[in-house]
Amino acid sequence: MQFDMRALPLLARYKIINSTVTPRPIAWVTTLSPDGVGNTAPYSFFNAVGDDPPMLVLGLLKHPVTGQMKDTARNIMATGEFVVNLVSESDAERMNLCSVDAPAEVDEAARAGLEMLPSSAVKPPRIASSPVGFECRKLAALDIGPRQTVVLGEILVAHIPDEFVLDPEKLYLDTPAMKLIGRLHGSGWYTRASGDMFKMERPVGFPDEA
Ligand SMILES: Cc1cc2nc3c(=O)[nH]c(=O)nc-3n(C[C@H](O)[C@H](O)[C@H](O)COP(=O)(O)O)c2cc1C
């Protein structure tokens, strides 16, 4: 079938993107409101988009019913700071708990029983159990359409527990040991990022070239 994305209703467009662009990494984003109230929520419209400067992108949709910005977006716009914590399998349920539609004054991290650690370059704390924490500063925010904002964040500091750093000189990291999870199709489906790996070296030319 061919789908004319320009003619489809919102939910249909969401389903097609959500069910095909998979697996998606999950940014478990911690922010602070200008008053210092903590906020934690998962976002899978997320990826790394560059290394000079090291940069991440977040796709922050507005609330489907109220049409209001979500707390994460509001806090990033107001403070310009956030931490992206990657999600390990052992944190899956706590991450899911943080996706609850909670009022701005509720700190989801406390409700989910998360231990937080102070960050070094930004004010929002990071999640202690996360295998990777990226302290970020908002580089740009673009309102793309009436109900979504794209945030580009520069990674200022990366936190990776020593147990995952195999060789600090060569920067060999034990990514499989991090047991990161990703978002799959539909609602509620996830994958283990290191579940079914295969290796392929990048070619230096086409096979029929001399
Ligand atoms: C795994 C997962 C991924 C999600 N990804 C996104 C996303 O990319 N964009 C988005 O707007 N909401 C996403 N959500 C929904 C938000 O987490 C949810 O709306 C949450 O209540 C927002 O919290 P906040 O208002 O504290 O920012 C996701 C939820 C889950 C469980």
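Figure 1. With a relative accessible area of 48%, Val21 is partly exposed, where buried means under 20% relative accessible area, exposed over 50%, and partly exposed in between (1.4 Å probe, protein chains only). Together with Met1, Phe3, Met5 and Ile17, Val21 forms a nonpolar patch on the surface, and the accessible area of these residues together is about 530 Å². Patches are made of residues with over 30% relative accessible area and no salt bridge, like charges being joined within 9 Å and nonpolar side chains (Val, Leu, Ile, Met, Phe, Trp, Tyr) within 5 Å; accessible areas come from the Shrake-Rupley method with a 1.4 Å probe, and for residues only the protein chains shown count as cover.

Figure 2. A polar backbone atom of Phe45 is 2.7 Å from an oxygen atom of the ligand, and a polar backbone atom of Gly59 is 3.2 Å from a nitrogen atom of the ligand. In the side chain of Lys70, an N or O atom is 2.9 Å from an oxygen atom of the ligand. On its own the ligand has 650 Å² of accessible area, and the protein covers 89% of this.

**Figure 3. A salt bridge between Arg6 and Asp4.** The structure holds six salt bridges, each being a side-chain nitrogen of Lys or Arg within 4 Å of a carboxyl oxygen of Asp or Glu. In one of them, the side chains of Arg6 and Asp4 meet at 3.0 Å, N to O. Arg6 is exposed, with a relative accessible area of 76%, whereas Asp4 is partly exposed at 35%.

**Figure 4. A salt bridge between Glu89 and Arg192.** The side chains of Glu89 and Arg192 meet in a salt bridge, with a distance of 2.9 Å from N to O. Glu89 lies in the loop between β6 (81–85) and α3 (92–97), and Arg192 lies in strand β14 (residues 190–192), so the pair ties together parts that are 103 residues apart in sequence. Glu89 is partly exposed, with a relative accessible area of 32%, while Arg192 is exposed at 54%.

**Figure 5. A salt bridge between Arg137 and Glu154.** The closest N and O atoms of the salt bridge between Arg137 and Glu154 are 3.3 Å apart. Because Arg137 lies in strand β9 (residues 133–143) and Glu154 in strand β10 (residues 148–159), the pair ties together parts that are 17 residues apart in sequence. Arg137 counts as partly exposed, at 41% relative accessibility, whereas Glu154 is buried, with a relative accessible area of 17%.

**Notes to the figures.** Residues are numbered from 1 along each chain as its sequence is written, and side-chain values use heavy atoms, with hydrogens and water left out. As this is a predicted model, local features need pLDDT of at least 70 and side-chain atom pairs count only at pLDDT 80 or more, while totals for chains, interfaces and linings use all residues.

Definitions and conventions
Polar contact = N/O pair within 3.5 Å; in protein donor to acceptor, adjacent residues only side chain to side chain. Helix = DSSP H or I, 4+ residues; strand = E, 2+ residues; numbered from the N terminus.
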